[in-house]
Amino acid sequence: TIGTLYIRENVWITDNVLSIDVIKGNIDFFYYYMNILNFEEMSSSTAQPLITASKLSDVNVVIPKIFEQEKISKYLDEKTQKIEDIKNTIDKEIESLENYKKSLITEAVTKGLDKNVPMKDSGIEWIGEIPKHWEIVKGKYILRLLKKSVKKDDEVITCFRDGEVTLRSNRREDGFTFSEKEIGYQGIDVGDLVVHGMDGFAGAIGISDSRGKGSPILNVLDSSEDKRFLMYYLRTMAYSHVFEALATGIRVRSVDLRRNKLYNLPYPVPPLNEQELISDYIYNQIFKVDNLISKKQKQLETLEEYKKSLIYEYVTGKKEV
């Protein structure tokens, strides 16, 4: 996406950035004017949006007198700042809701739902106390790595960092690297627990909602325990940066969550019926929080559209200050 920045200090820029100065007129006004231009239509490339200086210099600009430019830009400064202040408040609210969601999951999978049960020390630093009747079990005793064959019509499944495991076509097709030879690809079924071997540390852990095929970097797992409970616990470790702390590499991207690491990790294990109750509780609570987040994101979109229309109306003279 091509965008416009108003840089108010001396900086170094790459040769992919066009630096524009205003020879005659108010620079603030022209910044707002640039925001209403459709750069994609001017782009000389279809693969990646690209605009050249010659293309930009050919654009005809209808502008008011200098005193009107100054009046309009001052008005828009005030109005857009108020909009940005509201957006910043909403962004903070969304961040708080995301943090609440993570803490809710962590509390439920490590402490349970009953606040009155006796507790005991788990012996694990990042877990702390757990209900006395829970066990701590290594992954190798409750997880089983699956290696399923790929079917002829299988589409590619991706394990995304937000925890959704679904067909790529259900999300988007752009921005992916496609393999010419799908060496080692494996079958994935609805309900399989999937942990990304390299991106799991960032939250790429979920239950597949589709049948398809995935790359060998994905751990496709089964368990006699509630897979949703295990998924939430593993996500808690990702949110708490436990995987990064356990990493043997020096780069964040080198965090390896393949089979051996997952098998050797300790897991809190309540009775199966309690796992299911906890999973249901987390799902229902997250559903409510996500609905709130979605409403706030729509508010952000509405505010951004309002800001764009406000700028357009005043810099084109549709409305006067």
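**Contacts, cores and charge pairs in a predicted model**

Leaving aside its neighbours within four places in sequence, E274 is in contact with H133 and W134. The structure described here is a predicted model. E274 belongs to helix α9, which covers residues 272-315. Because its relative accessibility is 18%, E274 counts as buried, the cut-off for that class being under 20%. The C-alpha atom of E274 is separated by 8.2 Å from that of G112, a residue 162 places away along the chain.

Helix α4 itself runs over residues 66-111, a total of 46 residues.

The nonpolar interior may be considered next. In soluble globular proteins, nonpolar side chains tend to be buried together. In this model the largest nonpolar core has 35 residues. The residues with the most contacts inside this core are L143, I205, L234, F243, L262, Y267 and I282. Several elements each supply at least two of the core residues: helices α4, α6, α7 (242-246), α8 (259-264) and α9, together with strands β8 and β12 (266-269). Of these, α6 gives the most, with eight residues. A second, separate core of 20 residues includes Y33, L300, I311 and V315.

The structure holds 20 salt bridges. In one of them, the side chains of D189 and K148 meet with an N to O distance of 2.9 Å. This pair links distant parts of the chain, 41 residues apart: D189 is in the loop between β7 (186-188) and β8 (193-196), whereas K148 is in the loop between β4 (144-145) and β5 (157-159). D189 is partly exposed, with a relative accessible area of 25%, and K148 also counts as partly exposed, at 24% relative accessibility. Both residues belong to a network of salt bridges that links K148, D154, D189, D192 and R211.

R228 takes part in two salt bridges, one with D226 and one with D280. With D226 the N to O distance is 3.5 Å, and with D280 the closest N and O atoms are 2.8 Å apart. R228 lies in helix α6 (residues 227-239) and D280 in helix α9, so the second pair ties together parts that are 52 residues apart in sequence. D226 is buried, with a relative accessible area of 10%; R228 is partly exposed at 28%; and D280 is partly exposed at 35%.

The charged end of R171 sits over the ring of F160, 3.9 Å from the ring centre.

The aromatic residues remain to be described. A pair of aromatic rings is described by the distance of the centres and the angle of the planes. A search of the whole structure finds six aromatic pairs. The ring centres of F29 and F30 are 5.9 Å apart and the planes stand at 90 degrees, so this pair is edge-to-face; the cut-off for that class is over 60 degrees. F29 counts as buried at 0% relative accessibility, and F30 counts as buried at 16%. Y31 and Y32 form a tilted pair, with 5.5 Å from centre to centre and 55 degrees between the planes. Y31 is partly exposed, with a relative accessible area of 26%, whereas Y32 is buried, with a value of 6%. Ring pairs also link F29, F30 and Y33 into a cluster.

How values were computed: Residues are numbered from 1 along each chain as its sequence is written. This is a predicted model: local features need pLDDT of at least 70, side-chain atom pairs count only at pLDDT 80 or more; totals for chains, interfaces and linings use all residues. Side-chain values use heavy atoms; hydrogens and water are left out. Rings of Phe, Tyr and Trp (its six-membered ring) pair if their centres lie within 6.5 Å; planes under 30 degrees apart count as stacked, over 60 as edge-to-face and the rest as tilted. Buried means under 20% relative accessible area, exposed over 50%, partly exposed in between (1.4 Å probe, protein chains only). A charge sits over a ring if NZ of Lys or CZ of Arg is within 6 Å of the ring centre and within 35 degrees of the ring normal. Helices (H or I, at least four residues) and strands (E, at least two) are DSSP runs, numbered from the N terminus. Contact means heavy atoms within 4.5 Å. A salt bridge is a side-chain nitrogen of Lys or Arg within 4 Å of a carboxyl oxygen of Asp or Glu. The expected span of a helix is 1.5 Å times one less than its number of residues. A nonpolar core is a set of buried Ala, Val, Leu, Ile, Met, Phe, Trp, Tyr and Cys residues joined through side-chain atoms within 4.5 Å.
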